[in-house]
Structure formats: C-alpha cells, structure tokens
Amino acid sequence: MSRIGFTTTIPIEILIAAGKTPADLNNIFITSDKSQQFIEDAEVDGFPRNVCGWIKGIYAAVRESGIREMIAVTEGDCSYTKALMEVLSMGGITVIPFAYPLDRDPQSLKAEIEKLMGHFGVGWQEVNAAKERLDRIRRKIREIDRLTWQENRVSGEENHYFQVSASDMNGDPDRFEAEIDAFLEQAVARKPFSDRVRIAYLGVPPIFSGLYPFLESLGARVVFNETQRQFAMPYETLDLVEQYRSYTYPYDIFHRLADISMEIDRRNIDGVIHYVQSFCFRQIEDMVIRRKLDLPILTLEGDKPSRLDARTKIRIEGFVEMLGEKRLLVDGE
C-alpha cells in the first residue's frame, strides 16, 4: 500500500478506506534518530532559523522517507504550511490541501471531507466502515487514558505515546491494536502510582524529550495530555463530520478551553504545563490560557529536538515543589 503523509491529523478513515498507509509526518520526524539532523538539513536547504522546528522537520522527513504524496492542512494548523506546500511541490511531491473551517461550519467541513474522498476515490460506505474499525481502537485508547487519571496505572509518557500514535495508527491499525491490547493487559495488573502532584499538559506535543520521566522523578505525573488526547478522537459519535467538528485542535482557543476546563476539573489537576513551540503563532494563546484558567501555570518553550536543558529542569523543579506544598496544605485541611 502506498504511504500518504500528512502535516497534522486529518480524517484518516478516508486513507484506510482507500487502502493507503497513513503517515503522520510529525511522528516520522520526532521519532527518527536523525531528528536533529533533519532541522540542520532544512536550514542548509534555505529554511530560515526563525521558522518553527516542526515545519523544518516535516520538510526533511518527507524527503528522507520517500513519500511522494501528502495532505497539507492549510487551515487549522501551522501558518507556515502553505509555504511548505509550495517548496515540496517544487520537489515533485503531490500535495493535497485540506482545511478545517474556522467557524466549525458542518457543511464546509463536510465539503472538505468529500473533496478528499473524491481525490482517493472512496464513498461514504467505505469511509464509515473504516471509521467503525478505527473507533474500536480509539475506545481502547480511551481506556488507557482512564487508567492514567482515574486508576493511576499508566505513566504520562505511556499516555502520550498511545494517544499521539492514534493520529496515524502507527501506519498499521491491526498491529497497533495488538500493541494496545498487550499494554492494557499489563497495565491493569499494575500497582497504582503513588505520585502526589497531578499535572495537565497543554499545547502541541513537546519537541524535546525527557519531560515525562523527569516529572515523575520529582513525584509528579501528567494525567492529562490535551492535544494528544484529541488525536485519539475522545468523543464517541457515529457521524464522521461531527467527529472532526468536535476535535478541538484545529479550532479557536475558546473551543479548546471548554474541553480543557472540563478535564481539569474531572482529573483533579494541581497545575498546568503549557508547552509552546518557538516561532509559532500559538505562543500568543498563552495569554488567553493564563487569563482563563485559575491554576498555577508553567510555560515551557522548545525549539529543536533535544533533551531537557538544565534551566528548564530547574524551572520544573521549582514548579513541582510549589504544587507539592499547595497539595500538602489542601490535604492537611
């Protein structure tokens, strides 16, 4: 089956129905042992230093992976995507645009979905059958999420991995489902974690590594991965259009905050880590998040793939210590 890359989550039901292999280019980039080299390669080819590292990584990942056809999300994701499309098109890559309507209009979104279906030559019957198959996997990922925050048997990094992988089902839904089944069997038998500080992680997945284990070494654990959870389509619905209307990531910050606030209350969160990517327009949303959420917030910024640096570790240590002291006061009452 031919691999179809994409710049952020799209209705992969269409690709599965068409017999294609979905490939989230973000995952290819960040899991590569050459991810730092990807950034350098893109800059050698002419990408400016002050351009988002994910865009440069996606560009190099397309060239490295041999993908010849990709879907670029032109509305609802990175503002650099249109220029990326143009550069890749010059290199002979077939680029198909897909746009999430800013106002979440169902007719506009349906038209975008049907345009993509037309490109790949599939109809609603095949797409709905693919959705039914993928929804079975997503329900199991929701159980992993529940085991994270409700039973404390899953780490923040494990939660991150399975939810972020749902964007393309690791390219093979059957194999991915088998991996999930094996993990669930092992996780339910675990002794619950005893960490005291509960963290909500907001924003795109981090470009640096080591965050989750470092938090856990301090007695804190991420029990809510906001965007990663959205990749796993957390809302049960039979309608594909409604599924991608409910998906919060491509839409305005206030639509996201409605979901974030509900989950923070439900998961008994002590504090928030908001990750922002260098040179990304979403950095501005940090102002809104700070005004709308009544919790301690630590904003972390990342640029290129790397391990956590010493300065970031010190900031995290201070934040977790402060949250731990607040938790002791609450528990003491």
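Which side chain makes a polar contact with the side chain of glutamine 230? In this predicted model, the partner turns out to be tyrosine 235, with the two side chains 3.1 Å apart. Glutamine 230 belongs to helix H11, which spans residues 226-231, and at a relative accessible area of 0% it is buried. Once its neighbours within four places in sequence are set aside, glutamine 230 is in contact with Tyr235, Ser246, Tyr247, Thr248 and Asp259.

Searching the whole structure turns up 15 aromatic pairs. One of them joins phenylalanine 208 and tyrosine 275 edge-to-face, with 5.3 Å between centres and 90° between the planes. Phenylalanine 208 sits in the loop between strand S5 (197-202) and H10, while tyrosine 275 is in strand S7 (residues 271-277), so that pair links parts of the chain 67 residues apart. Both phenylalanine 208 and tyrosine 275 are buried. Tyrosine 247 and tyrosine 249 make a tilted pair, at 6.4 Å centre to centre and 40° between the planes. Tyrosine 247 is buried at a relative accessible area of 1%, and tyrosine 249 also counts as buried, at 7%. These two tyrosines belong to one aromatic cluster, along with Phe98, Tyr100, Phe231, Tyr244 and Tyr251. A charged residue comes in here too: arginine 104 lies over the face of tyrosine 251, 5.7 Å from the ring centre.

Phe98 shows up again in the nonpolar core. The largest such core has 90 residues, and Ile71, Phe98 and Ile316 are those with the most contacts inside it. Leaving out residues up to four places away in sequence, isoleucine 316 touches Leu211, Phe214, Leu215, Leu218, Leu298, Leu300 and Leu308. There is also a second, separate core of 14 residues, with Val223, Ile260, Leu293 and Ile297 among them.

Helix H8 (residues 156-165) is mostly covered, with 7 of its 10 residues buried. Those buried are Gly156, Asn159, His160, Phe162, Gln163, Val164 and Ser165. Their cover includes helices H2 (25-31), H7 (124-149), H9 (173-187) and H10 (211-217), strand S6 (220-225) and H11. Within H8, serine 165 has a relative accessible area of 3%. Apart from neighbours within four places in sequence, serine 165 is in contact with Asn27, Asn170 and Phe176.

As for charged pairs, the structure holds 33 salt bridges. Arginine 138 forms one with glutamate 13, and the closest N and O atoms are 2.8 Å apart. Because arginine 138 lies in helix H7 and glutamate 13 in helix H1 (residues 12-17), the pair ties together parts 125 residues apart in sequence. Arginine 138 is buried at 2% relative accessible area, and glutamate 13 counts as buried at 0%. Arginine 256 and glutamate 285 also meet in a salt bridge, at 3.0 Å from N to O. This one ties helix H13 (residues 253-266) to helix H14 (residues 285-292), across 29 residues of sequence, and arginine 256 and glutamate 285 are both buried.

Arginine 245 counts as buried at 16%, whereas glutamate 242 is partly exposed at 29%. Finally, Asp145, Arg229, Asp259, Glu263, Arg266 and Arg267 are linked in a network of salt bridges; Asp259 is also one of the contacts of glutamine 230.

Technical notes. Residues are numbered from 1 along each chain as its sequence is written. This is a predicted model: local features need pLDDT of at least 70, side-chain atom pairs count only at pLDDT 80 or more; totals for chains, interfaces and linings use all residues. Side-chain values use heavy atoms; hydrogens and water are left out. Helices (H or I, at least four residues) and strands (E, at least two) are DSSP runs, numbered from the N terminus. Buried means under 20% relative accessible area, exposed over 50%, partly exposed in between (1.4 Å probe, protein chains only). A polar contact is a pair of N or O atoms within 3.5 Å; within protein, one must be able to donate a hydrogen and the other to accept it, and residues adjacent in sequence count only if both atoms are side-chain atoms. Contact means heavy atoms within 4.5 Å. Rings of Phe, Tyr and Trp (its six-membered ring) pair if their centres lie within 6.5 Å; planes under 30 degrees apart count as stacked, over 60 as edge-to-face and the rest as tilted. A charge sits over a ring if NZ of Lys or CZ of Arg is within 6 Å of the ring centre and within 35 degrees of the ring normal. A nonpolar core is a set of buried Ala, Val, Leu, Ile, Met, Phe, Trp, Tyr and Cys residues joined through side-chain atoms within 4.5 Å. A salt bridge is a side-chain nitrogen of Lys or Arg within 4 Å of a carboxyl oxygen of Asp or Glu.
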